Amino acid sequence: RLGIEGRVEPGPVVLGPVPWLVMARRSTGATPPVTAVADGLRAAGQIPWFPPNVAGWPGGSAWFASATVVARAQLAVAIAHATAGDHPTMAAATDGDLDALADRLGASSGFAAPSADALRAAPDPHTRLTLALVSPEVVLA
């Protein structure tokens, strides 16, 4: 984005499906079923080793397309259900400790009020973790 005097200023970067998946798996220790991962990445449009052209995959807002958002949510469900109950990230989701959950997922500034409200309203820890994984605070790096 352009800032004062026409200089490029750093702004949030939307994580593509593969970097997001790597972050999610590292943060949760989850190993979701291979078919869920393959199907999710295919639906999201970023299959490793098969870029659409020599330039690679698009970046930025391309990952906010409706199909990509749905695919990311489905992957988040698979990751949440594959996360062990005693893993620190799942423990934070179970306890409703949003600060710890944000920290575990790399959202160093925490969750903004709308995300925090949705996380508090989640009916169970798996849903809370799923919502946290697809929150803007986690998807935007």
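Mentor: Start with T89. Leaving aside neighbours within four places in sequence, T89 is in contact (heavy atoms within 4.5 Å) with S27, T28, L101, R104, L105 and L129. T89 sits in helix α4, residues 88–95. Helices here are DSSP runs of H or I, at least four residues long; strands are runs of E, at least two; both are numbered from the N terminus. T89 counts as buried because its relative accessible area is 0%. Buried means under 20% relative accessible area, exposed means over 50%, and partly exposed lies in between, with a 1.4 Å probe and protein chains only.

A word on the source. This is a predicted model, where local features need pLDDT of at least 70, side-chain atom pairs count only at pLDDT 80 or more, and totals for chains, interfaces and linings use all residues. Residues are numbered from 1 along each chain as its sequence is written, and side-chain values use heavy atoms, with hydrogens and water left out.

How confident is the predictor? pLDDT is its confidence in each residue, from 0 to 100. The protein averages a pLDDT of 88, and 91% of the residues score at least 70. In the protein, confidence is highest in helix α7 (residues 125–133), at 98, and lowest in α2, at a mean of 91.

Now look closely at α2, residues 34–44. Its buried residues are V37, G40, L41 and A44. Seen down the axis of α2, they fall within an arc of 95°, so they line one face of the helix. That arc is taken from the directions from the helix axis to the C-beta atoms. The buried residues of α2 pack against α1 (17–28) and α3.

α2 also holds a charged pair. The side chains of D39 and R42 meet in a salt bridge at 3.0 Å, N to O. A salt bridge is a side-chain nitrogen of Lys or Arg within 4 Å of a carboxyl oxygen of Asp or Glu. D39 and R42 are 3 residues apart in α2, about one turn of the helix. D39 is partly exposed, at 44% relative accessible area.

How many salt bridges does a search of the whole structure find? It finds 2. Another pairing is R120 with D117, at 3.2 Å, N to O. R120 and D117 are 3 residues apart in helix α6 (residues 113–121), so about one helical turn separates them. R120 counts as exposed at 55% relative accessibility. D117 counts as partly exposed at 48%.

Go back to the end of α2. Just after α2, G45 takes a positive phi of about 85°. W49 lies in the loop between α2 and α3 (66–82). W49 has a positive phi of about 70°, although it is not a glycine. W49 counts as exposed because its relative accessibility is 78%. I47, W49 and F50 form a nonpolar surface patch, with about 430 Å² of accessible area together. Patch members have over 30% relative accessible area and no salt bridge; like charges are joined within 9 Å, and nonpolar side chains (Val, Leu, Ile, Met, Phe, Trp, Tyr) within 5 Å. Accessible areas come from the Shrake-Rupley method with a 1.4 Å probe, and for residues only the protein chains shown count as cover.

Technical notes
pLDDT = per-residue confidence, 0-100.
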